[in-house]
Amino acid sequence: MLLTRVGTVRQFPQGDLTCRTFLTRPAKGAKAPSLYSERFLMPKLKVFKFRTYRGVKFKELVLNLFEGDTEKLSAHRPVWSEVRNIPIKDARVVAGCMQATTSLSILVKRPVYHLCISWPEEAQLQKEEQINVADTLTSDLGLSEHQCLIVSHTGGARPHIHIVVNTVHPDTGRVWNSWRDVYQILESLQKIEDQVVLPSKNFHDSEQNL
């Protein structure tokens with residue numbers, strides 16, 4: 001019986017074992033879904049933590065990244081932003097431009113790919129290093145030609161950057177395939193950790209979640 005993937009439940013690595021669990025169903029339909037798990041070994045990251053999200057609309061997300069909840073003392077505050085493959089940096093225009101590009105594909109359902117990368121305060125990553133993290137990740141994921149917004153935040157438990165990518169290619173209209181993206185992100189971040197000079201302490205032992 002053929003199975004079709006309809007969703008994912010992800011468990012990010014806390015040790016050497018990374019687990020991905022897929023919600024599946026028979027290709028011709030079924031009353032109840034089934035679960036299929038895939039496990040593979042990956043080294044534990046020493047410095048970075050990450051989360052990924054998928055969504056439908058860019059506007060609410062982008063405005064939240066720039067404005068957030070300013071009434072909260074612990075609010076995440078934007079420090080700087082960069083764009084890729086978008087001619088204008090204005091947040092109000094960026095969201096509309098990205099949303100308009102989704103019309104190139106009639107198949108896309110969740111064009112928003114949101115990746116959040118954090119690190120401990122003592123790592124002290126400068127702007128150029130943060131940009132390198134974002135550009136390396138998007139390149140390794142095959143998203144370097146896609147529309148992308150990068151926003152750096154302070155506040156919260158750890159400094160972090162948000163990478164918002166349009167999964168619809170702005171020229172071809174093809175939709176990016178996110179299959180095994182977690183595996184690719186882990187591999188890419190491990191490579192960055194090896195290249196960037198950071199303290200040897202395993203920050204995951206004492207730091208809180210993002």
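I looked up Cys 97 to begin with and found it partly exposed, with a relative accessible area of 24%, where partly exposed lies between buried (under 20%) and exposed (over 50%), taken with a 1.4 Å probe and protein chains only. I then turned to Cys 148, which is buried at a relative accessible area of 3%.

I note that this is a predicted model, in which local features need pLDDT of at least 70 and side-chain atom pairs count only at pLDDT 80 or more, while totals for chains, interfaces and linings use all residues. Residues are numbered from 1 along each chain as its sequence is written, and side-chain values use heavy atoms, with hydrogens and water left out.

I searched for disulfides, taken as pairs of cysteine sulfur atoms within 2.5 Å, and the count came to zero.

For the whole chain, I recorded that 44% of the 210 residues are buried, and that the chain holds four helices and eight strands, these being DSSP runs (helices H or I, at least four residues; strands E, at least two) numbered from the N terminus.

I traced an open sheet of five strands in the order β4-β6-β8-β7-β5, with antiparallel pairing, where two strands pair if DSSP finds at least two bridges between them. Its edge strands are β4 (49-55) and β5 (77-84), each pairing on one side only. I followed β4 to its antiparallel partner β6 (residues 112-118), joined over seven bridges, and saw that Arg 54 stands opposite Tyr 113 in β6.
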